[in-house]
Structure formats: structure tokens, C-alpha cells
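Student: I have a model open and want to learn how to read it. Where do I begin?
Tutor: Start with the interface, then go on to the fold and the backbone.

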Protein chains: 2
Amino acid sequence: MSGSKCTRLSGALVKQVLESVDSVLFDCDGVIWRGDQAIPGAAEVINLLKKNGKKVFFVTNNSSKTRKMYADKMTTLGFNVTEDEVFGTAYCSAMYLKNVCKLEGKVYLIGSNAMKQELEAVGIQQTGVGPDHISGKQIDWANVPLDPEVKAVVVGFDEHFSYMKLNRALQYLTQQDCLFVGTNRDTRLPLEGGKAVPGTGCLLQAVETAAQRQAQTVGKPNHFMFDCVASQFGVDRERCLMVGDRLDTDIMLGSNCGLKTLLTLTGVSTVADAEAHQKSGCAEKQGMVPDYYVESIADLLPALQG
Amino acid sequence: MSGSKCTRLSGALVKQVLESVDSVLFDCDGVIWRGDQAIPGAAEVINLLKKNGKKVFFVTNNSSKTRKMYADKMTTLGFNVTEDEVFGTAYCSAMYLKNVCKLEGKVYLIGSNAMKQELEAVGIQQTGVGPDHISGKQIDWANVPLDPEVKAVVVGFDEHFSYMKLNRALQYLTQQDCLFVGTNRDTRLPLEGGKAVPGTGCLLQAVETAAQRQAQTVGKPNHFMFDCVASQFGVDRERCLMVGDRLDTDIMLGSNCGLKTLLTLTGVSTVADAEAHQKSGCAEKQGMVPDYYVESIADLLPALQG
């Protein structure tokens, strides 16, 4: 294979690249589906990869679903996938708090019910999930009762995010020994038709600004997501391909972990974005240049069927 | 007067400095009051300054009150103050939108009822004030009905800040011609006993992160706050003193506008903070070094009574 980067993956090169790897990591949104619709051909690609003996995993920064919810969605869309092949930030944050932080105590959670479930599954209790409306005056907010067992603030996607939650997080985080963890820094969730809604990165920025502290984030491009997969399945990083639609998260994760990287154009980033990073001459941005790109992961189909 | 900065203002120097100015601008919180309590001696200082023929003005980044609400609070605390001497960011934002932006259209307001009132007082309609809870799914949020008359998003302090408000702001701000204005960037509102609650800067950061755009901010240290005073009262900046408790807003505003500056230690910043800026050798940070400091503005009393 040539040493040049950002090569279009087609023809004989597809087979060559697939033969060079044992494991393939897929981002989900913008890669295997968009919203509730599978990318045409994606299920066939995943199922054939597995049939051909590849290990396939899913690594997503989206914190709004448990592993089981992802597996159920995938099954509905025709993917032959099991729960333990899915690594979302709801699950990975729970693993991070338990195994890396060795958290002993509760979490103040700005996040979803799915995050609550993944935390509870590893024995971590939380407080905070659900709506939290404001009442009283500033001095009441500053003196809001805190749960003395809370030893970490965790910020994930939360459609009930509110000023009161921001305030509660600030009050917990002024305690020096309170851990501060975010699921990811994605600023927007892209939807159909070029639309988008605010992502977890916006909520995390607000909490970081209030607390005057930086959160440790678990999601891509942090290597922890890959470590999580590798520690459970013994992945050889030199024979592993990361497939994603975002240069700043997916491709950067691959670069950070020494994986081969493939950009698919069914989501956020474009080839022009990748080329701009390549030409920038900035070392950090080189990590956002993929080895290869495809229009869609369906472009892998002929090599898998042949 | 000596050319050195960050000099303690006491003894004969107080009279000398006061004689060198015709106008005195005061920040409010941490300077003339803390919460609902006047700083001891503050009312006497203000009233004597005015009795001695000085013009006195109040410039506050706090957007939660109208000019009238401030004047009423001041009167209750014993200050001899009229509404037109008060320049809060609720009022100044309305002036900015009307006179600088020449806004023709409505505002989507993340802010208080006071901001709504100040906007309406200059003939600008708003939508958005009050609670805005979430319902539906992501695609519903992305397609939330927008008011076609809205031509600006304005972010001030809003205890009802929510994910849905953040989302609405994002949807408006994806329209290229939509203006984006923030009242101020203060990250915290300090309260009694070292406590604090999240400030407007946190909310603004969240909206800026979602919109991938920078807001124009009206409040200190932006010179617009001073321009507002100067355009209405003909203030000579060389004979004007800015008194505040924050280096990054109050003292910086004074430096930006060529005013004399006085730090009072009854609020956020310390002499050590000022000295650190002075020693930094960083040009931008020199603007945060005050000419003088006092323990409290009550230190001005003897010179005014004498």
C-alpha cells in the first residue's frame, strides 16, 4: 500500500485493505445509519464482514442509549450484532468511572436514563436524571442541598439540561475532590436534511465555564473508547480499521490509537475538510487525515461478495 | 501623581484623585452592595460625591433588572440616585440593538422579564422569555417552528435556560442574517460567603458552541457601556474614574476607554490578582491593572467629609 493518505478506496485496493485487518470499528450515526434509517447496504457490509471472520465493533459518542438499546435498534435494521459488540459513551463512561477512576460514591448525572442504567449496571448510583426546574432566589440556588455521597459530576446528552442542573453541577464541582467527567465534546447532533440540534459539547462547555474546571472526556477521540474494546476482545491495533464520518472524533481516534482509518462521506466531514487538514502543515491536524475514504460503506460490498 | 500603578488610595491622595475627576462610574455588585446589603458607607460616599458636584453613574453587567428596578433598589438602600444614572446590560443591550445594529425585527430572547421590558421600551418585540420545556424527539426539535420576524438572538441571564432554548437559539442562528448579541461574559455571579451561581457567560458559551458563531457582547469590558453613558451625559474621559471589584470587566473597561481606574476589594478580585497581571509582562493583562485600590469605597469618606 502506498504511504500517501486520503486515498479513495476502490477496486482491488478494497480487498487489499480488508485482508490487512482482523477487526473493524464502526462509528454509528452517519456511517451505518442516519437517524432511524440504515445507510443502504450497511447491514450487508457488517454481516458479510462477520461472515468473513472479521471482528466488528461499534464505537459511538452518542450517550442516549444503552448497549442493549443499540443492539435492539441494529437488529431491527437488519444488522447481525450482539450487545457486547457495542461501545457507546453511556456504557464506556460507566466503565471509566468504575475501572479507571475507581469511583466510590454516587454520580451527579446530567444525562439520560440510558446513562443511569449503564451506571447502575456496574453498581454506581446516580442522582439528577430527569427534569430539574428552577424555584427560589439566587441565594437558594447557591445553597441547594447537596448529596454528600456524590463524588463525581458526569455530563452527557440531556434534553432536560437546565440552569438548575448547571447550578447543581457548579456546587458539586466547587468541592475539590469531586471528579468531573464528560461523555464527549460533539457540539452538534446532525440530522436529516442538513439540520442539527445541540450536542453534549455545548452542555459540557457551560458546566466547564461555570466550574472553571476541565472535564475528562471518555468519548472519541480519547483512546479510552478503543482501550475499552481492546481490553475485552484483544484487538491488534496494527490489524484494525476505524471507519467514521467525522475527522475530529473518528479519524482522530484511529490516529491516536495507531489504527488504519477510513472516512465515509455519508455523514459530517468531506474530502475537502480532510485535504485542508493535510495541507495545513499542522502536526495535530495530520491526525485528522484518514488513510482512505469511500462515498459510503456500501462501496466495500463488491470486495466482500466477490 | 506618580506614574506607577496599583497604588493604595489613602490619605491626601484620595482628595487629589477626586479633584482630578468630574465623573465617577461605579460597578454595583461587590462595590456598592453585596446581594441585598449595601456596603457600609457606600450610600454616604455616593451621596457626598453628588453633593460635591460630581456626576455619578452605575454601570453593571447584571441583566436581571431594568433601570427603574435598580433605582428603586438603590433608593431603598439609601442612595440618592435617579433612573437615568443607571446603565445595566438589560438597558444597554436594548440601546445597542436599536442604535448600533439598527435592528428591524424581533428578538429571540434568552433572558429575563427585565430585558423584555427594556427592549419593549425602545420598541423592540421579543419572543422566548419564560420557561421552555422539551417535548417530542430530535427531529421535532430541529424543525421547531421559528418566528419569521426574529432577526436577532440575544442572550442574557436566564434562570429558565434550558436545552430547548439552546436548540431554538441554534435554529435561529443558522440563518446567516440573524444577529447574535450577548449581554456579558461573566462566568459566575458571586454571592455572600464565597458562594456563587452560574453567570450569563456559561449560557452564552453553550449557545456559541452550538451555533459555531461568536456573539457580540455589550457589557464590560466592551467600551459600549461607557459610550452609552458618555453619549447621554457628555463625560470627559480624562476626568473620569471607573470604580469596580473585577479586573477583567470593570478595570479593563476603564483601561479600554482611557479612564482612571480604582479597584475596591469588597468583591471578586484581589491586589494579588492585580500584581500578577502587572508582573506578567503581557500587554493585554496590563489593562487589568488598576491605577489605585481601596479596601472599600468607604475609604473615600474622610476626603469627602473633610
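Student: How much area is buried between chain B and chain A?
Tutor: The size of an interface is often given as the accessible area lost when the parts come together. In this predicted model, chain B and chain A bury about 3200 Å² between them. Carbon and sulfur atoms give 64% of that area.

Student: How many salt bridges and polar contacts link chain B and chain A?
Tutor: Count them separately. Salt bridges between chain B and chain A come to zero. Polar contacts join 16 residue pairs across the interface, with both residues at pLDDT 80 or more.

Student: Now the fold. How many helices and strands does chain A have?
Tutor: Chain A has 13 helices and 16 strands. Its radius of gyration is 20 Å, close to the 19 Å from the globule rule for 306 residues, so chain A is as compact as a globular protein of that length. The C-alpha trace of chain A spans about 65 × 40 × 35 Å along its principal axes.

Student: What share of the residues in chain A is buried?
Tutor: Buried residues make up 57% of the 306 in chain A. Take the contacts in chain A between residues at least 6 apart in sequence: 71% of them join residues at least 24 apart.

Student: Next, the backbone. Where is the peptide bond cis in chain A?
Tutor: Go to A:Lys220 and A:Pro221, where omega is about 10°. A:Pro221 sits in the loop between β13 (216-217) and α9 (224-233) of chain A. In chain B, the bond from B:Lys220 to B:Pro221 is cis, with omega near 10°. B:Pro221 lies in the loop between β13 (216-217) and α9 (224-233) of chain B.

Student: Which residue of chain A has a positive phi although it is not a glycine?
Tutor: Look at A:Lys102, with phi of about 50°. A:Lys102 is in the loop between α4 (89-100) and β7 (106-110) of chain A.

Student: Is A:Lys102 buried or exposed?
Tutor: A:Lys102 is exposed, at 58% relative accessible area. Now take B:Cys6, a non-glycine with a positive phi of about 55°. B:Cys6 falls in the segment before β1 (7-8) of chain B. At 11% relative accessibility, B:Cys6 is buried, since the cut-off for buried is under 20%.

Technical notes. Residues are numbered from 1 along each chain as its sequence is written. Chains are lettered from A and ligands numbered from 1 in the order in which they are written. This is a predicted model: local features need pLDDT of at least 70, side-chain atom pairs count only at pLDDT 80 or more; totals for chains, interfaces and linings use all residues. Side-chain values use heavy atoms; hydrogens and water are left out. Buried area is the accessible area (1.4 Å probe) that two parts lose on being put together, summed over both. A salt bridge is a side-chain nitrogen of Lys or Arg within 4 Å of a carboxyl oxygen of Asp or Glu. A polar contact is a pair of N or O atoms within 3.5 Å; within protein, one must be able to donate a hydrogen and the other to accept it, and residues adjacent in sequence count only if both atoms are side-chain atoms. Helices (H or I, at least four residues) and strands (E, at least two) are DSSP runs, numbered from the N terminus. The radius of gyration is taken over C-alpha atoms; the globule rule is 2.2 Å times the number of residues to the power 0.38. Buried means under 20% relative accessible area, exposed over 50%, partly exposed in between (1.4 Å probe, protein chains only). Contact means heavy atoms within 4.5 Å.
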